[in-house]
Amino acid sequence: MSPDEWQSVLEVIPDVRDGLTRTERLILYLVHETQKELNGRNVPTAMLYGRVLEYVDMSEAELHVYLDRLGVRGT
């Protein structure tokens, strides 16, 4: 298996420690860090999407699927 194929497999397999994929863990980390910058306020989805795109290439619809899976709800 090539390194690129191995990397793509690691992106979709949940980690045994907490059941999160790398992308889910990244999204939660970015939500947490952005909330700290905003002094605990809610993170706008557009702001989060921009930050996620710095690490992972995904569509806005894919981000919403991840957010729904993680239980993140907007107001």
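Start by selecting Glu24, which lies in helix α2. Helices here are DSSP runs of H or I with at least four residues, strands are runs of E with at least two, and both are numbered from the N terminus. Is Glu24 buried or exposed? Glu24 counts as buried because its relative accessibility is 4%; buried means under 20% relative accessible area, exposed over 50%, and partly exposed in between, using a 1.4 Å probe and protein chains only. Now show what surrounds Glu24: leaving out residues up to four places away in sequence, it touches Gly19, Tyr66, Arg69 and Leu70. A contact here means heavy atoms within 4.5 Å.

Before going further, note how to read the model. It is a predicted model, in which local features need pLDDT of at least 70 and side-chain atom pairs count only at pLDDT 80 or more, while totals for chains, interfaces and linings use all residues. Residues are numbered from 1 along each chain as its sequence is written, and side-chain values use heavy atoms, with hydrogens and water left out.

Colour the chain by pLDDT, the predictor's confidence in each residue, from 0 to 100. The average over the protein chain is 90, and 97% of the residues score at least 70. Among the elements, α3 has the highest mean pLDDT (96) and α1 the lowest (82).

Zoom out to the whole chain. It has 4 helices and 0 strands, and its C-alpha atoms fill a box of roughly 45 × 25 × 20 Å along the principal axes. Of the 75 residues, 24% are buried.

Next, select Glu11 in helix α1 (residues 3-12). With a relative accessible area of 27%, Glu11 is partly exposed. Which residues is Glu11 in contact with, leaving aside its neighbours within four places in sequence? They are Thr21, Arg22 and Thr23. Draw a distance from Glu11 to Glu24: their C-alpha atoms are separated by 9.3 Å, and the two residues are 13 apart along the chain.

Move to the largest nonpolar core, which has 13 residues. A nonpolar core is a set of buried Ala, Val, Leu, Ile, Met, Phe, Trp, Tyr and Cys residues joined through side-chain atoms within 4.5 Å. Select Ile27, Leu48, Val52, Met58 and Leu63, the members that touch the most other members. Helices α2 (22-37), α3 (45-53) and α4 (60-70) each supply at least two residues of this core, and α2 gives the largest share, 4 residues. Stay on Met58: not counting residues up to four places away in sequence, Met58 touches Thr23, Tyr49, Val52, Leu53, Leu63 and Tyr66.

Now go to the loops. Asn39 sits in the loop between α2 and α3 and is exposed, with a relative accessible area of 72%. Asn39 is not a glycine, yet has a positive phi of about 55 degrees. Most residues other than glycine have a negative phi.

Tyr55 is exposed, with a relative accessible area of 54%. Leaving out residues up to four places away in sequence, Tyr55 touches Leu26 and Leu30. Finally, draw a distance from Tyr55 to Met1: they are 54 residues apart in sequence and 23 Å apart in space, C-alpha to C-alpha.
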